[in-house]
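Here are a few exercises to work through with the coordinates open. Try each task yourself before you read the solution.

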Amino acid sequence: MMKWLLTAWRRLVRLFVGGKYGQKSAPYRTMVVHEALPESLTAEVIYVVEEDGFLEQAAMLCPCGCERILHMNLLPDDRPCWELTQHQDGTATLFPSVWRKKDCGSHFWFRQGQVIWCSNEADSSIV
Ligand SMILES: [Zn+2]
């Protein structure tokens, strides 16, 4: 029993400490903009471009730090297309994962304002 508790406690601490110091734990803010993106984007903000009541695209600075802007199309008629969910706490979720196949090769899930890196892609070929 004690051993189980200890293991659970350690796991919890690792989760907390890892989340706090290992990665950025503050969720991305969601900013809805109309028609166009601002000229320069702020890190840890996901921009949602809305035009005529339609969500057109989401954009963010690449979370790896390469400073490229990632554009995710939200219009279902175009491909590739992401589904954006906005949550009550002001965060957003993107589906499916975002994979930048050129340059930095970042591949991550964006869930409730958190970047969750995909670590199982080591043997994938990235162009
Ligand atoms: Zn990057």
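**Exercise 1: charges over rings**

Find which ring Lys-101 lies over, and which ring the charged end of Arg-111 sits over.

Solution. Start with the criterion: NZ of Lys or CZ of Arg has to be within 6 Å of the ring centre and within 35 degrees of the ring normal. Lys-101 lies over the face of Trp-99, 4.6 Å from the ring centre. Next, Arg-111 has its charged end over the ring of Trp-109, at 4.8 Å from the centre.

Before you go on, a word on the ground rules: this is a predicted model, where local features need pLDDT of at least 70 and side-chain atom pairs count only at pLDDT 80 or more, while totals for chains, interfaces and linings use all residues. Residues are numbered from 1 along each chain as its sequence is written, and side-chain values use heavy atoms, with hydrogens and water left out.

**Exercise 2: aromatic pairs**

Work out how many aromatic pairs there are, then describe the geometry of Tyr-28 with Phe-110 and of Phe-95 with Trp-109.

Solution. Rings of Phe, Tyr and Trp (its six-membered ring) pair if their centres lie within 6.5 Å; planes under 30 degrees apart are stacked, over 60 edge-to-face, and the rest tilted.

- Step 1: the count comes to 3 aromatic pairs.
- Step 2: one of them is Tyr-28 with Phe-110, edge-to-face at 5.2 Å centre to centre, with 80 degrees between the planes. Tyr-28 lies in the loop between H1 and strand S1 (29–34) and Phe-110 in strand S7, so this pair ties together parts 82 residues apart in sequence. (Helices, H or I with at least four residues, and strands, E with at least two, are DSSP runs numbered from the N terminus.) Both Tyr-28 and Phe-110 are buried.
- Step 3: Phe-95 and Trp-109 make a tilted pair, 5.9 Å centre to centre and 40 degrees between the planes. Phe-95 belongs to strand S6 and Trp-109 to strand S7, so the parts tied together are 14 residues apart in sequence.
- Step 4: on accessibility, buried means under 20% relative accessible area, exposed over 50%, and partly exposed in between (1.4 Å probe, protein chains only). Phe-95 is partly exposed at 49%, and Trp-109 is partly exposed at 23%.

**Exercise 3: the salt-bridge network**

Which residues are linked in a network of salt bridges?

Solution. The test is a side-chain nitrogen of Lys or Arg within 4 Å of a carboxyl oxygen of Asp or Glu. It gives 2 salt bridges.

- Step 1: Asp-103 meets Arg-68, N to O 3.5 Å. Asp-103 is in the loop between strand S6 (92–99) and S7, and Arg-68 in the loop between strand S3 (54–61) and strand S4 (69–73), so the pair ties together parts 35 residues apart in sequence.
- Step 2: Asp-103 also bridges to Arg-100, with the closest N and O atoms 2.6 Å apart.
- Step 3: put together, Arg-68, Arg-100 and Asp-103 form the network.
- Step 4: check the cover. Asp-103 is partly exposed at 48% and Arg-68 is partly exposed at 42%, whereas Arg-100 is buried at 14%.

**Exercise 4: His-107**

Is His-107 buried or exposed, and which side chain does it contact?

Solution. First, His-107 sits in strand S7 (residues 107–111). Its relative accessible area is 9%, so His-107 is buried. Finally, a 2.9 Å polar contact joins its side chain to that of Ser-97. Such a contact is a pair of N or O atoms within 3.5 Å; within protein, one must be able to donate a hydrogen and the other to accept it, and residues adjacent in sequence count only if both atoms are side-chain atoms.
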